[in-house]
Amino acid sequence: MQPLIELLQVTKTYQSGPEKLQALKGIDLAVARGEFVAITGPSGSGKSTLMHILGLLDTPTAGTYLLNGQDVTRISKGRQAEMRNREIGFVFQQFNLLPRATVLENVLLPTVYDNAPPPVARAREVIEMVGLGDHIRHKGNQLSGGQMQRVAIARALIMGPALLLADEPTGNLDSVTSLEIMELFRMANRRGTTVVLITHEPDIARLADRTVELRDGRITHRARGGRR
Amino acid sequence: MRKMANIATQAAQALLANKGRALLTILGIVIGIASVIALLGIGQGASNSITGRIATLGNSTLTVVPGGSAAAGLEGGGGGGGQADQNSSSGMPFTSMAGSSLSEKDLAELQATERHPSIRAVAGVVSASTILEIHGHQQRVPLTGVTPAYFSIYGLKAQHGRLLGDEDAKEKRLVLGSQVAADLYGGDDPTGRQIKVEGQEFTIVGVLAASEESAFRNPNDQLYIPAAVAMERLGIKNYGSLVVQAAGDGQVGLAAAEARTTLLETHAIADPKLADFSILSPQDLVAVTQQVAGTLTALLTSIAAISLVVGGIGIMNIMLVSVTERTREIGLRKAVGAKTRDILFQFLLEAVILTLAGSALGILLGFGVGDLAGTLLGFPPVITPRAIALAIVVAAAVGLVFGLYPAAKAARLNPIDALRYG
């Protein structure tokens, strides 16, 4: 079966003054539909760059990126935005909620850029799913960290994306809350969403089906996860 | 497009989330629009008010004044048939209008109405001033020498006694304006009394009924004596002006043409450009007045418009701060699918909503300021739909122009950097 994500010899080079900084040095990676993959590695290993390329926020210097069988390596910025809107959901370490907007408004944010009326019923459903049914009218800045991340997950799922990309989603949370959040990712994964999680915490990475370890821009280790 | 509506909702929500700041941001626009609206309203009101007063001169009277150019005649304040202002400023009790070209013969020729079907009546006028002692105070009073037709042309009626007639032409007889009579004699009928004017005894033959003031002439504060007597006192042979009444409102143009032809003929002038007289109609005065008022309004309004530019710069400043503060939000919007043009549209729309809200408040404030100024100045401001439309269009344009740079800056943000910001 066609993998959801296929990276072929992807490199990314940054020009920093006179020096060239090679953040990714030939990445080959395939993620199958329905997988739950953790990408780990120390800071500076290139995992954030990889996440940006996977999330279509950045383009590779060389190599090929196939998303859903489609070559998205050099598509226009407008098309990238459309793909991010429909196919990819993002969850960030900093939650990135609109502080003055309600939970409902925050969750509906991606639908603003879809050419359709706001799907309020669908938003309620997703908010119920992440366990915030009682907080739908709360403002972003009235929530705890764990609750904010739940809102962010609901926001990432509202458009029904094929891929959920999470960048250190538990980096700002205590361990109990972290496990709750990871349970939400697992739930989304069980419902068919492919999850790619970036983390430097081994305890979190272990909860994935598979880990890919990055070091100095190269994949150094691939392992099946220890959860099952 | 549904997406545009969605983004517009986002723009409105972003502004409503920070109402206090939004209000402060648009303060400059509010003041700018209010000034423009108030000034346009006051300018139009002033113009209408003056036009209205000129209309009280009567639509059917023309004034013939000496001098070649109509503009020169206007500057002399002679449009309404009296040069009282001009002459009273000279300081001499009886001031002559030396060099006037309007002779007895001109009057006679114009009065031959069978040859001028569009002219109903003509009066000769000599304006001067004199000093009367009223309740022990010396007071300068306008003195007008008139031929009998003057009273009928201006619709002046006697309250006591009678008006001046042909039989009075050479007599030292006098009619008082209602105000002068009241000042001198209270409510009593002074008919038949003697009054000293410049050391000469004049007999009062009548008092005028109070009559409406016009733009250039208050009929109530004048003394009226026969024109010939005034000319003799002043040592002149000609009239200061001639007042021509057209046969009807629609015949003012014809009457002016007839008067012009007749006078050119009697003055033996072949080229109308060399005429030594000018014929002024109320319409001319209205046109000149409106032109002056329009120029003044335009000048004042352009000064007010400068405050709109300042207001626009204020909006740009706050928008730039807002873009910086909302960098992460912009990054997030891009990450979840906003295109560059979606961000541009949202921020541009926020700027335009701000300036439009500012113009709405400014229009309300402008009405208030205009009313207040109108009360102080004594005429109602006239705020036209055109002025309001102008204010709205200008405000929207200010929003677009000054919102463009901050919006472009927001739209250009790289989502990766924006998400890491702060």
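## Exercises on a two-chain model

In chain B, the centres of domain 1 and domain 2, taken over C-alpha atoms, are separated by 56 Å. The model is predicted, so local features need pLDDT of at least 70 and side-chain atom pairs count only at pLDDT 80 or more, while totals for chains, interfaces and linings use all residues. Residues are numbered from 1 along each chain as its sequence is written, and chains are lettered from A and ligands numbered from 1 in the order in which they are written.

**Exercise 1.** Find the two domains of chain B and work out whether the chain is compact or spread out.

*Solution.*
- Start with the bounds, which come from an automatic or database domain assignment: domain 1 covers 2–52 + 288–420, and domain 2 covers 68–275.
- Next, look at the extent: the C-alpha trace of chain B spans about 105 × 55 × 35 Å along its principal axes.
- Finally, take the radius of gyration (over C-alpha atoms) and the globule rule (2.2 Å times the number of residues to the power 0.38). Chain B has a radius of gyration of 33 Å, well over the 22 Å that the rule gives for 422 residues, so chain B is more spread out than a compact globule.

**Exercise 2.** Apply the same rule to chain A.

*Solution.*
- The C-alpha trace of chain A spans about 50 × 40 × 40 Å along its principal axes.
- Its radius of gyration is 17 Å, close to the 17 Å given by the rule for 228 residues, so chain A is as compact as a globular protein of that length.

**Exercise 3.** Describe strand β6 of chain A and its partner.

*Solution.*
- Strands are DSSP runs (E, at least two residues), and helices are too (H or I, at least four), numbered from the N terminus.
- From β6(A), residues 88–91, A:Ile88 and A:Phe90 point one way and A:Gly89 and A:Val91 the other way.
- All four are buried, that is, 20 or more other C-beta atoms, placed from the backbone, lie within 10 Å of their own.
- Strands pair if DSSP finds at least two bridges between them; here four bridges join β6(A) to the parallel strand β7(A), residues 163–167.
- In that strand, A:Leu164 is the bridge partner of A:Gly89.

**Exercise 4.** Which parts of chain A touch chain B?

*Solution.*
- Count residues in contact (C-beta atoms, placed from the backbone, within 7 Å): 23 from chain A and 22 from chain B.
- In chain A, α2 (77–87) and α3 (103–112) each supply at least two residues to this side.
- The most comes from α2(A), with six residues.

Key: Two residues are in contact if their C-beta atoms, placed from the backbone, lie within 7 Å. A residue is buried if 20 or more other C-beta atoms lie within 10 Å of its own, exposed if 12 or fewer, and partly exposed in between; C-beta atoms are placed from the backbone.
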